[in-house]
2 protein chains.
Amino acid sequence: MIFEIDRATGIPLYLQIAAQVRNMVTTGTLKIGDRLPPNRELAKTLGVNRTTVTTAYAELEADGLINSHIGRGTFIAGVPTPRTSAIPPERTQPSTMLWSALLADQRSDTWLNGMLLSKQSKDGISLAHGLPHADLFPLEDFRRCVDRVLRKEGRVLLQLGLSSGYPPLQEYIASQMALSGVAVKADEVLITNGCQQSLDLIRRVFVGPNDEVAIENPTYPGAISVFCGGGAKHISLPVGDNGLDLDVLEEILAQRRPKLIYTIPTYHNPTGVTMNIAARRRLLELAIKHRVPIIEDDIYRDLHYDGSMVPSLKGLDRYGVVITINSFSKVGFPGLRVGWIAAPRIVIDHLNIAKQNCDLHASLLTQAAIHEFSKHGLLAKHIKRVKRAYVQRRDLMLESLEKHFPAEATWNKPEGGMAIWVKLPLALNANEILLLSSESGVTFSPGEHFYSGVPPKNMMRLCFTNAGPPAIEEAVKKLGTIIKGRISSLKKQFAVRKPEGIRALV
Amino acid sequence: MIFEIDRATGIPLYLQIAAQVRNMVTTGTLKIGDRLPPNRELAKTLGVNRTTVTTAYAELEADGLINSHIGRGTFIAGVPTPRTSAIPPERTQPSTMLWSALLADQRSDTWLNGMLLSKQSKDGISLAHGLPHADLFPLEDFRRCVDRVLRKEGRVLLQLGLSSGYPPLQEYIASQMALSGVAVKADEVLITNGCQQSLDLIRRVFVGPNDEVAIENPTYPGAISVFCGGGAKHISLPVGDNGLDLDVLEEILAQRRPKLIYTIPTYHNPTGVTMNIAARRRLLELAIKHRVPIIEDDIYRDLHYDGSMVPSLKGLDRYGVVITINSFSKVGFPGLRVGWIAAPRIVIDHLNIAKQNCDLHASLLTQAAIHEFSKHGLLAKHIKRVKRAYVQRRDLMLESLEKHFPAEATWNKPEGGMAIWVKLPLALNANEILLLSSESGVTFSPGEHFYSGVPPKNMMRLCFTNAGPPAIEEAVKKLGTIIKGRISSLKKQFAVRKPEGIRALV
């Protein structure tokens, strides 16, 4: 990265630096995720005041071009959009394309991106992402299922299929839902490439440019990308100990008309809370009264460890107001990308058209493979096995938290799901903890990624599914030590500053 | 389907009938694709004048709710959107949801839907869709590849992957493109779920609500859905014997600013024409002069039978103005849903973010399987084999057309691809031919599905890849007989009417 400044031009130096970064991003020299030199270093190299670089970076950050993370550094986060009029084409001398001026204004979701990259880092212990543990995959069973379906109907599976899904899988899902008390017919099930696509299809079909979606806050970051990204309007629903705050929802519905209510009522991500049956009934009443569909994300339902099983919203729904999404990614294999939407037939018809326009249909081979695996009871057997492992890991994480975390931190005990939601003292910043812990190989998700608005900085989500028991204890211990260290260092600062503060007040 | 009319209400009978159909669609009793009773029959049942039913159906057709196809009948084609103010929620007595008022105004693309359904009909001969012949799939080879990758790295393939794709597949594609003279690096390749998704991702990243896309007319119906659906603006580019009309494009670019130019320059779908190298160079010059990216759909490239191989636009591109899309669906296995986009890195970065928001990533198992199959030369071997079969089928279709089609019909000889584009006399309607031919089990695609504007009715696309040689000859013979019959019947009508017409003129 070579910066050049020219004091003779009279253009403020900070603008020169900002312009050069912008230019390097436009031409592709700098890419999203690339790191910029630290302020101090760049100031030294260019022989300018450190404030000049800070101002340049602040300018770029305000434009959404870069992101600074205390301690981690400054990274390219977006590409410039034309701020003034577009540059006129050079008609006499054709040159390369100025792509950045043509591309829609998009921000990379660093958490989503991080999740997709996380499995690449082999070292260290990741408590960051809610993924199954690959060591627990019943590979042989699955391989045999794939082999069997290819032998049995390979020519069908490799040819183009139906956009609504592989019919035996739709039937299987409907029958399984019926067993759990949810009356759904096979043609009320649409197979998708997982919950992320389900959310995207639902957005396409229901949400227009000026429509609002009511969404839990905090929630799954992929839902924030879909419903709150690109300037989409949304309404935040706070999440308490019993799920989304229904008093707030009631007030909102009296005044505004959201197109959808998105909720994860069972083992909520990231908080782990579950809405009780009375609250579910009230939510359904509110939704039908105002005729606002509920999107129930039921992806964690089968990872139930203790406490009573609460029926799904779809199971309690007497009005047909609920659209349920689910997938094989948490209980089975996320790499396959197979999920589904269960909804009234008219909704499925619309989603099906959207699915056709998106990508024709989901891979038939993977659909048939997961069907074969499920139908022969192998999925149920696998779920039983991972639940045994995960409940142990959850309990071990809870014990480790008791043992190693300071008294100032608090957390819940989720009855299912994949993670524990930890609250640190307000003065602590989970990003700083992550920076320190990742140096010793331990990562987790700072809570801020799960919020659609201005996030609190003192929350952390610790996943217990994707690391073995010794690793969990080791990781929690390391995190505890770091957090205790930060607290005591803050206390010291506070102790030193106190007299000053008091003097200032006097 | 039970209709009830009440003469006592004073509401015109045709409005009562229309309202009942609307209601049955809203409540889901009637679904998209369902057939309504024929005018005559319904009129008889209800004891009303036939004109009453015709008027009711015309009303519904004007609303986009139904589609009438001469001879085939009348079908539900959409759902009602609220025409006046939305019905106020019934606050005292909650009832079921009125979904249709909430859903975005979408029209089902009957051709796309038909393509996805076509393989379900086992009887008859389909020349309708550009699909590989499943009988030619090298099942054993492929099955062994799938088995091998699951044994080798099953735990990686079943876990969450990277949104940009399975890295060995990206590298393989880049290396293959390099072999054909297109310099592309692995990180300039994004793996998608096939060309349909590639188009959709490109639309997301480049096309805003008021942007125009310049698109060949006729073209691939899936592209029409993506770029011209839902009220999107587009500019039609006529297609001549040498591909898209560059004079028209030049004129358009002088006045308007399309965000993209979408073209299938090699073995164009549906016309089969290929743009020569001089035209390609001129297209590139025009695109860079006006800085409008070209989306090159290169999906038929490897199905080359004779004539010279013309380099791809991407291969000729000195400016970096071309984004190429391609897939394994035409040469390999459409059911797998694996395709790719090759573009400058900054474009790929943006598409990658869109891909994350869409569905996280493409199925890893299918990506690894097609990579294994390709890397060991099995794809190349398979392509060689299908090309031998397809060129024979094309030649047989051409011979059969000569033998069985009337002199009034004309067609081209495509040097590659999957179909022959036939022009019938203007007075003929390909939909009527299809209606007659499907009664004897022969289907094809009427040309109208490939047009974004008001389509000519006298074009037909006959695919030669997805039917065996005896079936091709049989199908063309049947079609020829029907077409000849229609022509002679029209001639007779014309002969009878001529005197009248002359009398009227006199």
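Predicted model: local features only at pLDDT ≥ 70, side-chain atom pairs only at ≥ 80, totals over all residues.
Two strands count as paired if DSSP finds at least two bridges between them. Strand β16 of chain B, residues 459-463, runs antiparallel to β15(B) and is joined to it by 2 bridges; here B:Ser445 stands opposite B:Arg461 of β16(B). Strand β4 of chain B, residues 125-127, pairs with β15(B) in the parallel sense over 3 bridges, and B:Ile125 has B:Val442 of β15(B) as its bridge partner. Strand β15(B) is mostly covered, with 4 of its 5 residues buried.

**The two chains**

Two copies of a chain are related by a rotation about an axis and a shift along it. Chain A can be laid on chain B by a turn of 180 degrees with a shift of 0.1 Å along the axis, and the RMSD is then 0.2 Å. That is the relation of a two-fold axis. In chain A, the C-alpha nearest this axis belongs to A:Asp147, at 3.4 Å from it. Both copies use the same surface, as 100% of the contact residues of chain A recur in chain B.

**Chain A: overall content and sheet**

Chain A holds 16 helices and 16 strands. It has 506 residues, of which 50% count as buried. Of the contacts in chain A with a separation of 6 or more, 73% are between residues 24 or more positions apart.

An open sheet of 8 strands in chain A has the order β5-β12-β11-β10-β9-β6-β7-β8, with mixed pairing. Its edge strands are β5 (189-192) and β8 (243-244) of chain A, each of which pairs on one side only. Within the sheet, β10(A) and strand β11 of chain A, residues 322-327, pair in the parallel sense over 4 bridges. A:Asp297 has A:Ile325 of β11(A) as its bridge partner.

**Chain B: sheet and covering helices**

In chain B, 8 strands form an open sheet in the order β5-β12-β11-β10-β9-β6-β7-β8, and the pairing is mixed. Strands β5 (189-192) and β8 (243-244) of chain B each have a single partner strand, so one side of each is left without a neighbour in the sheet. Strand β7 of chain B, residues 233-240, runs parallel to β6(B) and is joined to it by 6 bridges. B:Val213 stands opposite B:His234 of β7(B).

Two helices of chain B lie across strands of this chain. Helix α7, residues 195-206, lies across β5, β9, β10 (294-297), β11 (322-327) and β12 (339-342) of chain B, and runs at about 150 degrees to β11(B). Helix α12, residues 345-359, lies across β5, β11 and β12 of chain B, and runs at about 25 degrees to β5(B).

**A helix pair in chain A**

Two packed helices are described by the angle between their axes and the distance between the axes. For helix α6 (residues 167-179) and helix α13 (residues 364-375) of chain A, the angle is about 40 degrees and the axes are 9 Å apart. The helices α6(A) and α13(A) are therefore oblique to each other. The crossing of α6(A) past α13(A) is left-handed. On the α6(A) side A:Pro168, A:Leu169 and A:Tyr172 take part, meeting A:Gln367, A:His371, A:Ser374 and A:Lys375 of α13(A).

**Backbone features in loops**

| Residue or bond | Feature | Value |
|---|---|---|
| A:Asn217 to A:Pro218 | cis peptide bond | omega about 10 degrees |
| B:Asn217 to B:Pro218 | cis peptide bond | omega near 10 degrees |

A:Pro218 is in the loop between β6 (212-217) and α8 (221-228) of chain A. B:Pro218 lies in the loop between β6 (212-217) and α8 (221-228) of chain B.

A:Arg291 belongs to the loop between α10 (277-289) and β10 (294-297) of chain A. The threshold for a buried residue is 20 or more other C-beta atoms within 10 Å of its own. A:Arg291 counts as buried because it has 24 C-beta neighbours inside 10 Å. B:Tyr267 is in the loop between β9 (260-263) and α10 (277-289) of chain B. With 25 C-beta neighbours inside 10 Å, B:Tyr267 also counts as buried.

Technical notes
Residues numbered from 1 in each chain as written. Chains lettered and ligands numbered in written order. Least-squares fit on C-alpha atoms with pLDDT ≥ 70 in both. Contact = placed C-beta atoms within 7 Å. Buried ≥ 20, exposed ≤ 12 C-beta atoms within 10 Å, placed from the backbone. Axes fitted to C-alpha atoms, helices over the stretch in contact; angles between N-to-C directions. Parallel < 35°, antiparallel > 145°, perpendicular 65-115°, else oblique. Left-handed = near helix turned anticlockwise from the far one by under 90°.
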